[in-house]
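User: I'd like to go through the labels on this model and ask what stands behind each one.

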Amino acid sequence: MGQDGSPAHKRASGSGGGLPTTTVTNGGGRSGRAVLPRGRQMQKTFNNIKITILCGFVTILVLRGTIGVGNLGSSSADAVNQNIIEETNRILAEIRSDSDPTDLDSPQETEMSTNETYALGPKITDWDSQRKVWLNQNPEFPSTVNGKARILLLTGSPPKPCDNPIGDHYLLKSVKNKIDYCRLHGIEIVYNMAHLDKELAGYWAKLPMIRRLLLSHPEVEWIWWMDSDALFTDILFQIPLVRYEKHNLVIHGYPDLLFEQKSWIALNTGSFLLRNCQWSLDLLDAWAPMGPKGPIRDEAGKVLTAYLKGRPAFEADDQSALIYLLLSQKDTWMEKVFVENQYYLHGFWEGLVDKYEEMVEKYHPGLGDERWPFVTHFVGCKPCGSYADYAVERCLKSMERAFNFADNQVLKLYGFGHRGLLSPKIKRIRNETVTPLEFVDKFDIRRTQVETKPQN
């Protein structure tokens, strides 16, 4: 999920040479990009009106079946119902499609060639000074709040409905989980469903949005990207930002896999923090040219597969490209990169979801590591897509367990908990009293003082 469709472990030796990327210029990205045509805007508005009318018909049918209203015969009612179903499916198919047969004004899209230039936007070279001036001029928007650096969590999903209807339900659970964590820890959150740059679709879609947020929210110190298929499962744990005072990128990974093995799963870009500074803009400028869809991405994928150990043959993905960039330009970037593995900024789900009951018996939230994982990431499940790398039933049950495991930590303050990790139903875990504030002091996560230092 998370606006991407990468293979299972977003994780043969040899030298691959230089990436067939395009040159980043000061003039910005491709010129002449079309604004959404008026014809297409009107078509989408018309579709929305039709959906509203269809909902009205469905309501009438429900009322008719419930209270016996209407004189239509059974056969005519069935025909009306079938027409509604067919029209609804047709409109949903149009919404899911990027093409619009009635939009004659829309120019035909062409893929970038390896000879074209690409950039996320105009080259900025003095962002640190620009941001410093802005912060001084706008003291009502400080970069720290209550002594903590301001964080903005960014997540998102594709703009279209899920191919699998159950996927939208789990996207909702995922964003609910993130809202709960951010609310309890004073973190702002942005949920993006827009492709800001059609060249960087799929797993690359996060890059233009991250850049836009860095430049549009100078008061934010850290942008935290998190895939939509990743869930917070330790609601109490807080990222130890003091550890990263001299770093600009914090990402989960293993130095030995990165430097010794050059593994394509040495780092995971499903959850990482990027500081709002010039260094980060420069990194995005160097990272993004590997991602335009079409020949550039295809050719870059061949280089990445040859360079990174264990990488399957497929088009360039953002994770492999970042690993390649950090290895091939180590002196330029690695001094400001913190490869974190003392807690689970990314925790692969298969080794965790079946141990939640054991964790509850032996440990407590606030640890963040394998004893009580901070983040459980369902890499390869793709509940929103039409395919996955793991059995759908296994993925959905595991995501349900992870969500309820985390939700129990939130519901505890209110005196409730799930009947089981596979059950959406809840039960009361304590009785109400005439002195409810004692439970606030005892169970409110914001007041709970638990040692959150990961084990060595």
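Analyst: Start with a handedness: the link of Cys 162 and Cys 384 is left-handed, with -100° about the S-S bond. Bear in mind that this is a predicted model, where local features need pLDDT of at least 70, side-chain atom pairs count only at pLDDT 80 or more, and totals for chains, interfaces and linings use all residues. Residues are numbered from 1 along each chain as its sequence is written, and side-chain values use heavy atoms, with hydrogens and water left out.

User: Why is the pair Cys 162 and Cys 384 called a disulfide?

Analyst: A disulfide is a pair of cysteine sulfur atoms within 2.5 Å. The sulfur atoms of Cys 162 and Cys 384 are 1.9 Å apart, so the pair qualifies.

User: What does this pair tie together?

Analyst: Cys 162 sits in the loop between β3 (151-156) and α4 (165-185), and Cys 384 in the loop between β10 (375-377) and α12 (392-411), so parts 222 residues apart in sequence are tied together. Helices (H or I, at least four residues) and strands (E, at least two) are DSSP runs, numbered from the N terminus.

User: How do you know whether Cys 384 is buried or exposed?

Analyst: Buried means under 20% relative accessible area, exposed over 50%, partly exposed in between (1.4 Å probe, protein chains only). Cys 384 has 11%, so it's buried.

User: What makes the link of Cys 381 and Cys 395 a disulfide?

Analyst: Its S to S distance is 2.1 Å, so the pair meets the cut-off. The torsion is about -85°, so this one is left-handed.
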